[in-house]
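Hi everyone, thanks for coming. Let's walk through one protein chain together, a few residues at a time, and please keep the picture open while I talk.

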Amino acid sequence: TFVHKMFDKLTSIFPINTPIKCFRENHPGLVEIWPLVTAEEKTSFFWPIEQKMETTPGHRLAHNIAQYIKEQIGSSKILPSTGRAISAGDFMILIRRRNHFTTELIKILHEYKLEVAGIDRLIITDNIVAGDLISLAKFVLQPLDDLNLAALLKSPFFGINDAALQEIILYNKQQPIWKNLDEPKWGDIQTTLNQFRQIYATYSLQDFFHVILHVLNYKQRLLEFGGEEALDVIHEFLDLSNNFAKEISTNLQEFILWLEHNSSEIKRNVEKSDKIRIMTIHGSKGLQSGIVILADTTSTPTNQNRITWTPDDIALWSSSSLYANNYLSAIKTYNQNKDYEEYLRLLYVAMTRAEDQLIVTGYSNKKDAPDNSWYKLIANTMNEITNGEIQYSFFESHALIYQNHGEIITTKKLPEQQAI
């Protein structure tokens, strides 16, 4: 299989002592690698930014993934592992770590009207819905914070676009956004914001978010925007605010300060969901899916810590690599090799989650992925199998295909991305 061929080349770095045997070795399988989505040439601009923001590599990759899943579900193709037509529950998207790309991907999958179970683990303050609730709290505490108020106006609480926000800001650049909203044409926004301030002045921390979410029914807006996982975030957010009020303080400002400096994680059960699963590779251990999309393939292990730990748990430190002696340099190299071995173990776990199809893709804010990244390792193996005869580029939108059923090696034209 493709996994065997790739890891056979890495035995000096990542030795496999136990022979690997496929459970479904006589069944067809497919590995597909998409062209790397890279940064476009930067253009100098100030405003408007709405179209430019959508050209980031991560954003474009998220659209490619969403469109691919949408078309596969609509194709009614039969998966060999299930014997039925492809559905949302047959897709598992794997990532190394949760980041902005994860949030963007979930948002775009929702825009394509795809059913998403969300991610398996959530850091509350990393979630965009929790960020909107924090922006609301910061506004009632300090209405003159322009950056925060701009974020609140763009949130589901108001949902204004960049053009409308630009108009508000430029109405009078000499005064805060809050003062510009005094104009009658923005009266509805001003009324709602004053309502939030009145709730803050009237209710305690225990009741503030409850009134906003349930009495005024803003919970529904947040759920429409954030999807299923937003419900878990809202419940956890309310529990945290209630517990903080009971055990520490009823002061809203103290709660927000505490929340931003203390990471609270939710473990969600998405394993048996019949929706698209987005999981960390660690969380996917022991699970399988008909079609696995490996999306986070360009990041590599890095260690910025100046303290180096020996195998005997002794801490070593040098102010600069220029002052590191041979012993310290050797320990650093040893630790780097160990980190890279773990990096390869994760790759093995990710690649073996697929029952029928493995889709490999990635994005980079540079022109290419690092040579030691997952993407390069897989791409090099694919090119060796094809003897380097198949060339592709993002603009040609071709994917390299490896299929072990009859050793079929070919290219496939990816569908053109359509506007939503």
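Let's begin at Lys 113, which is exposed, with a relative accessible area of 70%. Here, buried means under 20% relative accessible area, exposed means over 50%, and partly exposed is in between, using a 1.4 Å probe and protein chains only. Lys 113 sits in the loop between α4 (100-111) and β4 (116-119). The helix and strand labels come from DSSP runs: helices are H or I with at least four residues, strands are E with at least two, and both are numbered from the N terminus. The phi angle of Lys 113 is near 60°, a positive value in a residue other than glycine.

Before we go on, please remember that this is a predicted model, where local features need pLDDT of at least 70 and side-chain atom pairs count only at pLDDT 80 or more, while totals for chains, interfaces and linings use all residues. Residues are numbered from 1 along each chain as its sequence is written, and side-chain values use heavy atoms, with hydrogens and water left out.

Which other residue has a positive phi, near 65°? That is Asn 217, again a residue other than glycine. Asn 217 lies in the loop between α10 and α11, and it is partly exposed at 45% relative accessible area.

The axes of α10 (residues 205-215) and α11 (residues 218-226) come within 4 Å and cross at roughly 75°. Axes are lines fitted to C-alpha atoms, for helices over the stretch in contact, and the angles run from 0 to 180 degrees between N-to-C directions. Therefore α10 and α11 are roughly perpendicular to each other. For the cut-offs, angles under 35 degrees count as roughly parallel, over 145 as roughly antiparallel, 65 to 115 as roughly perpendicular, and the rest as oblique.

Who makes the contact between α10 and α11? On the α10 side you can find Ile 212, Leu 213 and His 214, and on the α11 side Tyr 218, Lys 219 and Leu 222. Contact means heavy atoms within 4.5 Å. Those residues divide into 4 nonpolar, 1 polar and 1 charged. In this scheme Ala, Val, Leu, Ile, Met, Phe, Trp, Tyr, Cys and Pro count as nonpolar, Asp, Glu, Lys and Arg as charged, and the others, Gly among them, as polar.

Leu 222 comes up again with Ala 230, which touches Val 129, Leu 222 and Leu 223, not counting residues up to four places away in sequence. Ala 230 is in helix α12 (residues 228-247) and is buried, with a relative accessible area of 0%. Ala 230 and Ala 130 are 100 residues apart in sequence, yet 8.4 Å apart in space, C-alpha to C-alpha.

Next, charges. Side chains of opposite charge can pair when their charged atoms come close. How many salt bridges does a search of the whole structure find? The search finds 7, where a salt bridge is a side-chain nitrogen of Lys or Arg within 4 Å of a carboxyl oxygen of Asp or Glu.

One of them joins Asp 162 and Lys 154, with the closest N and O atoms 2.5 Å apart. Is Asp 162 buried or exposed? Asp 162 is buried, at 4% relative accessible area, whereas Lys 154 is partly exposed at 39%.

Another salt bridge pairs Lys 185 with Glu 167, at 3.1 Å from N to O. This pair links distant parts of the chain, 18 residues apart: Lys 185 is in the loop between α8 (177-180) and α9 (187-202), and Glu 167 is in helix α7 (residues 162-171). Lys 185 is exposed at 53%, and Glu 167 is partly exposed at 42%.

In helix α14 (residues 326-351), Glu 341 and Arg 345 are 4 residues apart, about one turn of the helix. Their side chains meet in a salt bridge at 3.6 Å, N to O. Salt bridges that share partners join Glu 341, Glu 342 and Arg 345 into one network.

Finally, the whole chain: it has 15 helices and 14 strands, and buried residues make up 45% of its 420 residues.
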